[in-house]
Amino acid sequence: MVDQLPNLGREAEMLATMGMSSMEDLFSDIPEEVRMRGTLPLPDAQSEEEIIADARRLLGSNVALGERVSFLGAGLYRNYVPASVFQLITRGEFLTSYTPYQPEVSQGMLQAMWEFQTLISELVGLPIANLSLYDGSTAAAEAITCSVRVHGRKATQKNTVYVSELTPPDRMSVMQNYCQGAEIKIKMLRHNPDGTLNLSSAKEAAGSCGVYVEQPNPIGVLDGGLPLLKEIIGEHTALIVGVQPISLGIVEAPGNYGADIVVGEGQPLGSPITGGGPIYGIFACSKPYLRLMPGRIVGRSIDVDGKEAYCLTLSTREQHIRRHRATSNICTNETLIALMGAMHMALLGPEGLHDLAVRNMAACTLGKQKLAAIHGVSLPHQSSHHFQEFVIELPGQASDCLAYLDSVGIVGGFDLARWYANRPNWLLVSFTDQSRANEIELLAAHIEAWAASQGVSA
Amino acid sequence: MSHLFDHHGAPGKGYSQPAPVLPATEISVPSSLVRKQAARWPRISEPEMVRHYTWLSKRNFGIDTGFYPLGSCTMKHNPRINEVIAQLPGIADIHPHQPEHHLQGLLSIYHEMQHMLEVCAGMDQVTLQPVAGAQGEFTAVRCIQEYFRLRGEDQRTKVIVPDSAHGTNPASAAMCGFEIVEIPSRTDGRIDLDALRAVADETTAVMMITNPNTLGLFEADILEASAIVHDVGGQMYYDGANFNAILGITSPGLMGFDAVHFNLHKTFSQPHGGGGPGSGPIGVKAHLADFLPGPIVKKRPIMGDEAKHAIEDMWFGWYEPVHSIGKVQQWHGNAGAVIRCWAYYRRYGNGLKTMSEHAVLNANYLRHALHREAEKAGVSDMIVDGAETDVAKHEFTISLGPAKESHGISAMDIAKGLLDMGYMAPTVYFPLVVPECMMIEPTETESKETLDTFAEDFAKVLQVDAETLHAAPITTPVRRVDEVYAARNLCLRHPYDED
């Protein structure tokens with residue numbers, strides 16, 4: 001406490017200049033009925049040394065994925081982030097600045113975010129990107145409400161959007177919370193047994209305001225049919241595609257196959273998983289959505305001398321100007337994490353991103369080879385392509401298998417019963433650039449051992 | 001100038017990567033999905049990249065650079081130990097889907113933070129799920145909406161906000177589907193109880209208000225306002241943006257509020273990072289607790305072989321409230337921000353009241369110093385208080401209305417003049433109810449000397465002639481930026497030559 005308050009011990013001197021004699025005088029305007037009296041029932045203040053000791057003890061008791069062999073992904077991925085990213089974002093000029101309302105002294109962050117917009121725009125193949133939303137789920141939800149604002153009038157299916165039935169329930173729940181106020185109806189798009197979207201079911205979505213699908217989808221499938229989707233749903237229905245950004249090093253940018261809005265969890269580019277946040281949501285769109293999109297946008301401009309300069313622009317969409325008619329309530333976003341993303345993208349370059357995507361997919365492909373060979377284990381979507389994760393069907397409950405793997409130091413994946421109640425035996429196994437060949441072999445060996453213990457003969 | 005997209009070096013030289021675990025020839029993408037043209041990203045080596053971002057950082061102003069009296073934003077010092085802690089693998093390298101027995105340390109910190117916020121706010125249950133202040137508002141209003149739905153009170157379709165409210169209040173309520181009823185403030189900047197009585201009725205769902213209000217004034221009539229809203233069956237919502245003024249001094253619970261959000265990035269010093277991340281937990285009274293988004297951490301006795309993973313004699317478990325509105329973001333809140341704010345809280349413990357006292361001391365001291373220095377310089381007739389009051393809370397407003405009228409000098413001119421003196425400008429033109437408004441919040445982490453010097457420099461700026469001020473700033477990396485040009489000539493990404 002002492003080290004944070006420069007005026008401790010100088011209260012009397014400062015109060016005297018105001019004609020006051022006690023700190024209580026500063027609160028004379030607060031009625032006694034609402035005053036809190038006595039000391040807050042909380043522990044005593046600690047020194048920095050005590051705080052870091054407690055932090056090391058408590059956080060040290062968590063199981064960091066790096067201490068184990070991990071195949072847990074399901075939306076957040078343990079990709080390597082170069083050291084220079086962590087070093088640079090601790091620069092106080094970035095770290096301790098606020099939203100750049102005074103552009104003359106905020107050119108650094110403004111230009112960095114304008115560059116971020118460009119990097120994302122190029123990545124997803126759409127001309128416009130904002131400078132981040134909270135996460136992939138809120139980006140998807142905001143994309144849906146945006147599609148209704150844009151297409152609401154012309155849509156034949158009023159206030160209706162279609163969402164892939166595979167969408168994880170937690171993401172769906174976010175969408176429902178964002179959509180209920182505008183009375184938006186969310187209908188489901190069905191999938192084929194191989195995990196790809198059922199394109200004939202997608203015909204039902206024609207005339208609605210928007211369609212939300214993911215590429216790769218939540219069970220890891222790269223869906224070769226999605227490039228046909230825009231033609232099926234038509235010009236006046238927004239195609240919204242959620243992406244894993246690293247996949248776009250080898251997978252076509254959705255903007256190039258008809259997507260109107262691309263969203264996604266930016267986390268694998270630039271950010272550790274951090275328990276699920278802070279991370280950042282990607283939001284990019286085509287021109288018709290620009291004036292009704294959420295979030296902050298930086299534009300390049302000039303100063304009074306005609307010199308290149310950057311500032312926030314199109315703010316009339318936002319809550320501080322438009323209040324209850326704003327396109328979104330978002331104010332604080334995830335700028336610093338987006339900056340980490342920009343730094344990582346800059347370091348990768350186009351070829352680096354390609355190589356990174358290949359490394360992720362190679363690990364997944366090796367995993368597929370090894371796990372498919374296990375007696376008693378099958379891959380329900382084996383014929384499909386997978387980017388970095390896939391489903392295995394086990395000869396018993398996935399939760400049991402995970403408990404066994406945990407006992408031998410392996411974080412084995414994600415129990416899909418938590419998403420799909422009728423799939424107790426499905427395990428989602430994820431791979432990243434951090435997955436080593438020997439780790440994948442270890443996983444396969446232990447799943448084989450566990451499967452054998454389930455009464456499956458070798 | 002340094003431009004990222006001017007770098008066209010050798011492919012992939014920003015950082016080197018190991019070989020894939022299988023040759024690239026063994027992987028395949030569906031033919032319809034093969035990427036045809038790579039993203040036109042720069043090709044930049046690590047030394048060039050480090051220099052580019054360092055150059056950019058030097059063109060940016062943070063709290064570390066200088067005094068940052070941005071009203072409503074609580075730009076206090078960000079202790080660096082919090083950054084060190086947030087990089088520990090026990091937070092940076094954990095996944096929200098890991099089982100509880102992998103995350104006992106995280107859960108115990110969540111539990112401690114929930115409890116601390118409950119104590120400080122006088123609320124019964126806190127959830128750490130929302131990731132920003134505006135999201136906290138949205139979440140709490142959604143909870144109240146579901147509370148009324150369950151009670152069959154569907155006729156409550158309106159949310160009341162004062163005209164001095166943050167823009168996020170009406171925006172968040174509108175996103176939930178509520179109709180917004182804005183009530184005017186009194187001429188002294190405080191809530192108009194008659195105006196409130198006139199609109200409060202059986203269609204009222206919520207009143208959203210912050211106290212101290214956006215003028216930095218404590219609403220002494222808050223209990224009466226709460227009574228008016230409760231009498232018609234509505235709920236009181238506390239916008240915690242100004243919470244830094246009242247820890248240990250009063251609480252939303254004592255003032256009659258039913259729900260509150262916290263801006264941990266303001267009160268508990270999560271660095272603002274140029275616009276985020278934040279963290280926006282909410283707290284509610286018991287009758288709303290079942291509607292909160294989970295997971296929430298609860299303590300319970302240890303069962304079975306949990307003992308080998310336990311870090312104390314109780315187990316910390318995730319819990320989903322029975323009527324939960326569901327999720328507002330997909331994961332477990334901004335855990336990394338919660339950890340930083342936990343470290344900040346630990347520095348004060350039960351001394352948080354001292355923190356708030358010093359925030360209020362500094363604001364009042366600066367308010368007096370500004371008037372004193374303006375008086376000395378003979379320019380006291382250029383500024384007036386945004387609202388009449390004996391004491392302000394953690395921030396205060398002044399109006400440059402007189403300066404505008406007599407000298408043609410606007411609040412924006414003064415703001416730009418202050419940039420030339422090496423300061424971040426205060427918030428300008430908010431709240432809208434004060435003409436030519438400047439909203440000033442020094443925070444508790446500024447020394448008396450800094451406040452004195454700022455007051456002297458402010459008086460100096462007031463003495464500068466209008467023509468010079470219209471041309472300010474002149475010492476910044478760029479001079480006044482043409483925001484109209486930016487909006488009329490939209491350039492939202494790098495224009496590639498070949499496009």
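The views below come from a predicted model.

**View 1. B:D313, a loop residue of chain B**. Buried or exposed: how does B:D313 come out? With 9 other C-beta atoms within 10 Å, B:D313 is exposed, because the cut-off for that class is 12 or fewer. The loop that holds B:D313 runs between β8 (296-301) and β9 (314-319) of chain B. Look across to B:K299 as well: B:K299 and B:D313 are 14 residues apart in sequence, and their C-alpha atoms are 9.8 Å apart in space.

**View 2. The β10-β11 hairpin of chain A**. Here strand β10 (residues 297-302) of chain A has five of its six residues buried, so the rest of the structure largely encloses β10(A). Its partner is strand β11 (residues 308-313) of chain A, and six bridges join the two in the antiparallel sense. To get your bearings along the pair, find A:G299, which sits opposite A:C311 of β11(A). Five residues lie between the strands of this hairpin, and A:G306 takes a positive phi near 80°.

**View 3. A:I302 and its contacts in both chains**. A:I302 belongs to strand β10 of chain A. Counting C-beta atoms within 10 Å gives 18 others for A:I302, so this residue is partly exposed. Which residues does A:I302 touch, leaving aside those up to four places away in sequence? In chain A they are A:K307, A:E308 and A:A309, and in chain B they are B:D482 and B:Y485.

**View 4. A four-stranded open sheet in chain B**. The strands follow the order β10-β11-β13-β12 (chain B), with antiparallel pairing. At the edges are β10 (384-385) and β12 (427-428) of chain B, each of which pairs on one side only. Zoom in on β12(B) and you find two bridges to strand β13 (residues 437-440) of chain B, again running antiparallel. One residue pair to pick out is B:T427 with its bridge partner in β13(B), B:M439.

**View 5. Helix α4 of chain B**. This helix covers residues 104-121, 18 residues in total. From first C-alpha to last, α4(B) reaches 25 Å, close to the 26 Å expected at 1.5 Å a residue. Of its 18 residues, 14 are buried, so α4(B) is largely enclosed by the rest of the structure. Just after the helix comes B:G122, with a positive phi of about 70°.

**View 6. Where chain A meets chain B**. The contact draws on 166 residues from chain A and 173 residues from chain B. Which element gives the most to the side of chain A that touches chain B? That is helix α11 (residues 335-372) of chain A, with 24 residues. By class, this side of chain A splits into 83 nonpolar, 53 polar and 30 charged residues.

**View 7. The two assigned domains of chain A**. Domain 1 takes in 69-78 + 349-453, and domain 2 covers 83-344, according to the domain assignment. Taken over C-alpha atoms, the centres of these domains of chain A are separated by 28 Å. Where they meet, 23 residues of domain 1 are in contact with 22 residues of domain 2. On the domain 1 side, α11, β12 (385-386) and β13 (389-393) of chain A each supply at least two residues. α11(A) gives the most to that side, with seven residues. The domain 1 side has 12 nonpolar, nine polar and two charged residues.

Key
Residues are numbered from 1 along each chain as its sequence is written. Chains are lettered from A and ligands numbered from 1 in the order in which they are written. This is a predicted model: local features need pLDDT of at least 70, side-chain atom pairs count only at pLDDT 80 or more; totals for chains, interfaces and linings use all residues. A residue is buried if 20 or more other C-beta atoms lie within 10 Å of its own, exposed if 12 or fewer, and partly exposed in between; C-beta atoms are placed from the backbone. Two strands pair if DSSP finds at least two bridges between them. The expected span of a helix is 1.5 Å times one less than its number of residues. Two residues are in contact if their C-beta atoms, placed from the backbone, lie within 7 Å. Ala, Val, Leu, Ile, Met, Phe, Trp, Tyr, Cys and Pro count as nonpolar, Asp, Glu, Lys and Arg as charged, and the others, Gly among them, as polar. Domain bounds come from an automatic or database domain assignment.
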